[in-house]
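Please read the following report alongside the sequence and the coordinates.

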Amino acid sequence: MNFNRFVSILAFFTVLSSPKAIAQAYELVSFGTEDGGRIEASFFKAGSSKAVILAHGAIFNKESWYFLAEAFQRKGVAALSIDFRGYGNSRSGSSTKKMYDILGAISYLKAQGFTAINLIGASMGGAAVLLALSNNSIPIDKVVLLAPAGGPAIGSTASDKLFIVSESERMFTGVMAIYAASAVPKQIEIYPGNVHAQNLFKTDNRDKLIDRITGFINPTQP
């Protein structure tokens with residue numbers, strides 16, 4: 001056997017034996033919304049009753065959350081990363097309101113048997129999460145909001161809440177107002193600088209932020 005053929009065969013079996021080749025970290029799923037829309041999402045299964053919905057900002061998409069979804073998956077928490085209507089293969093129904101996409105995701109996870117549902121929304125996604133919570137009847141365990149771009153305060157005391165914002169960014173005053181008006185339990189994490197929402201993951205605070213969010217959703221048991 002010549003050397004080049006040997007290398008090709010070795011590379012082929014290396015690909016076959018890799019975890020990514022054996023099974024993807026996620027599967028593409030879709031679900032309907034109350035207003036007749038259809039939302040595509042990447043579902044990172046983890047074999048537990050706890051799941052988190054990931055809602056992206058305006059300049060992002062479902063793929064932008066994959067690193068965090070995989071971090072949750074490693075901790076045994078399933079993740080559903082959605083494309084909002086108008087993004088990817090997701091389409092609108094009779095409304096342009098993205099809160100219906102969040103409500104559809106919550107109903108989807110409920111139908112899959114998840115009993116602890118959590119929400120993470122950034123900027124536009126955070127605003128959609130806030131609107132959805134004001135119209136939602138399914139219990140939500142925890143909520144993480146990275147500089148939500150507006151929306152109502154959270155009146156429920158049943159959900160623990162974590163707000164994250166940069167101290168000099170354009171949304172700071174609005175985020176602080178929503179935080180102040182939201183019911184306890186609640187926490188806030190303020191980072192230096194003016195970096196907005198998901199862009200915080202592009203800074204030196206990336207690892208700290210990942211640990212903070214995953215630890216909040218799934219704290220280490222004593």
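## Pairing around β2

In this predicted model, strand β2 (residues 38-44) pairs with strand β4 (residues 78-82) over four bridges, and the two run in the antiparallel sense. Within this pairing, Phe44 stands opposite Ala79 of β4.

Strand β2 is also joined to strand β1 (residues 27-32), again in an antiparallel arrangement, and here the number of bridges is six. One of the residue pairs is formed by Val29 and its bridge partner in β2, Ala41. Strands β1 and β2 make up a hairpin with five residues between them, and in the turn Gly36 takes a positive phi of about 90 degrees.

Strand β7 (residues 160-166) and strand β8 (residues 186-191) run parallel and are joined by six bridges. Among the residues involved is Ser166, whose bridge partner in β8 is Tyr191. Together with helix α6 (residues 172-181), β7 and β8 make a β-α-β unit that is right-handed.

## Confidence of the model

The chain has a mean pLDDT of 91, with 88% of its residues reaching 70 or more. Over residues 1-22, however, pLDDT stays under 50, and for this segment the model has eight contacts beyond four places in sequence.

Methods:
Residues are numbered from 1 along each chain as its sequence is written. This is a predicted model: local features need pLDDT of at least 70, side-chain atom pairs count only at pLDDT 80 or more; totals for chains, interfaces and linings use all residues. Side-chain values use heavy atoms; hydrogens and water are left out. pLDDT is the predictor's confidence in each residue, from 0 to 100. Contact means heavy atoms within 4.5 Å. Two strands pair if DSSP finds at least two bridges between them. A crossover is right-handed if, with the strands pointing away from the viewer, the path from the first strand over the helix to the second runs clockwise. Buried means under 20% relative accessible area, exposed over 50%, partly exposed in between (1.4 Å probe, protein chains only).
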